[in-house]
Amino acid sequence: MKISTKGRYALRLMLDLALNDSEKPVRIREIARRQEVSDKYLEQIISVLNKAGFVRSIRGPQGGYLLTRKPEEYTVGMILRLTEGSMSPVDCVGDDALCDRSEECATIIVWQRLNRAINDVIDNITLSDLVDWQLVRNGDYSI
């Protein structure tokens with residue numbers, strides 16, 4: 001499994017919104033500049049996040065985007081699954097798993113354990129955790 005730039009940038013975009021949440025909408029152009037990513041690419045990603053209700057758009061000269069929830073209410077898994085789809089390492093495990101050999105195949109145990117480990121990590125890290133870690137990395141405070 002490899003996370004695409006779409007998933008990685010969606011996570012960075014959401015983190016940027018959380019870090020710059022001052023009740024004022026944040027413009028995509030500002031996020032693109034800070035993240036050193038194409039604003040056109042971020043516009044495609046923000047559209048997906050907006051349709052899913054993760055962010056909301058404010059139109060007009062003072063417009064931009066805001067998170068619709070508190071950072072602690074988003075998990076990394078929610079964001080990655082929205083942009084990447086299933087996070088299962090192989091098709092024979094996960095929500096839509098269909099495998100005729102699962103009863104006699106020993107390798108499925110490896111894939112099930114790997115799937116559980118991935119989900120345990122991404123479903124137990126929140127956007128709030130990422131904000132805290134970023135602030136520590138910036139030297140703004142220590143945890």
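# Close-up views

View 1. Serine 86 is exposed, with a relative accessible area of 58% (with a 1.4 Å probe and protein chains only, exposed means over 50%, buried under 20%, and partly exposed in between). The model shown here is predicted, and for that reason local features need a pLDDT of at least 70 and side-chain atom pairs count only at pLDDT 80 or more, while totals for chains, interfaces and linings use all residues. Residues are numbered from 1 along each chain as its sequence is written, and side-chain values use heavy atoms, with hydrogens and water left out. Serine 86 belongs to the loop between α4 (76–84) and α5 (107–122), where helices (H or I, at least four residues) and strands (E, at least two) are DSSP runs numbered from the N terminus. Between the C-alpha atoms of serine 86 and aspartate 96 there is a distance of 9.0 Å, although the two residues are 10 apart in sequence.

**View 2. The protein as a whole.** The protein has 6 helices and 2 strands, and their order from the N terminus on is α-α-α-β-β-α-α-α. Taken along the principal axes, the C-alpha atoms fill a box of roughly 60 × 35 × 25 Å. Of the 143 residues in the protein, 36% are buried. When contacts (heavy atoms within 4.5 Å) between residues at least 6 apart in sequence are considered, 60% of them join residues at least 24 apart.

**View 3. Tyrosine 9 and tyrosine 41.** The structure holds 2 aromatic pairs. In the pair of tyrosine 9 and tyrosine 41, the ring centres lie 5.6 Å apart and the planes stand at 75°, so the arrangement is edge-to-face. Rings of Phe, Tyr and Trp (its six-membered ring) pair if their centres lie within 6.5 Å, and planes over 60 degrees apart count as edge-to-face, under 30 as stacked and the rest as tilted. The pair links distant parts of the chain, since tyrosine 9 sits in helix α1 (residues 5–19) and tyrosine 41 in helix α3 (residues 39–51), 32 residues apart. Tyrosine 9 counts as buried because its relative accessibility is 19%, whereas tyrosine 41, at 24%, counts as partly exposed.

**View 4. Helix α1 against helix α2.** The axes of α1 and helix α2 (residues 28–35) come within 10 Å and cross at roughly 110°; such axes are lines fitted to C-alpha atoms, for helices over the stretch in contact, and the angles run from 0 to 180 degrees between N-to-C directions. The two helices, α1 and α2, are therefore roughly perpendicular to each other, because angles of 65 to 115 degrees count as roughly perpendicular, under 35 as roughly parallel, over 145 as roughly antiparallel and the rest as oblique. The crossing of α1 and α2 is right-handed, a term used when the near helix is turned clockwise from the far one by less than a right angle, and left-handed if anticlockwise. On the α1 side the contact is made by Arg12, Leu13, Asp16 and Leu17, and on the α2 side by Ile28, Ile31, Arg34 and Gln35. These residues of the contact of α1 with α2 divide into 4 nonpolar, 1 polar and 3 charged (Ala, Val, Leu, Ile, Met, Phe, Trp, Tyr, Cys and Pro count as nonpolar, Asp, Glu, Lys and Arg as charged, and the others, Gly among them, as polar).

**View 5. Aspartate 16.** Aspartate 16 is a residue of helix α1, and its relative accessible area of 3% makes aspartate 16 buried. If its neighbours within four places in sequence are left aside, aspartate 16 is in contact with Val26, Ile31, Arg34 and Gln35.

**View 6. Helix α2 against helix α3.** The axes of α2 and α3 come within 9 Å and cross at roughly 120°. That angle makes α2 oblique to α3, and the crossing of α2 and α3 is right-handed. From α2, the residues Ile28, Arg29, Ile31 and Ala32 meet Asp39, Leu42, Glu43 and Ile46 of α3. By class, this contact of α2 with α3 has 5 nonpolar, no polar and 3 charged residues.

**View 7. Glutamate 36.** Glutamate 36 is placed in the loop between α2 and α3, and at 73% relative accessibility glutamate 36 counts as exposed. The phi angle of glutamate 36 is near 55°, a positive value in a residue other than glycine.

**View 8. Aspartate 129.** Aspartate 129 is found in helix α6 (residues 127–137), and with a relative accessible area of 24% aspartate 129 is partly exposed. The C-alpha atoms of aspartate 129 and leucine 98 are separated by 35 Å, the two residues being 31 apart along the chain.
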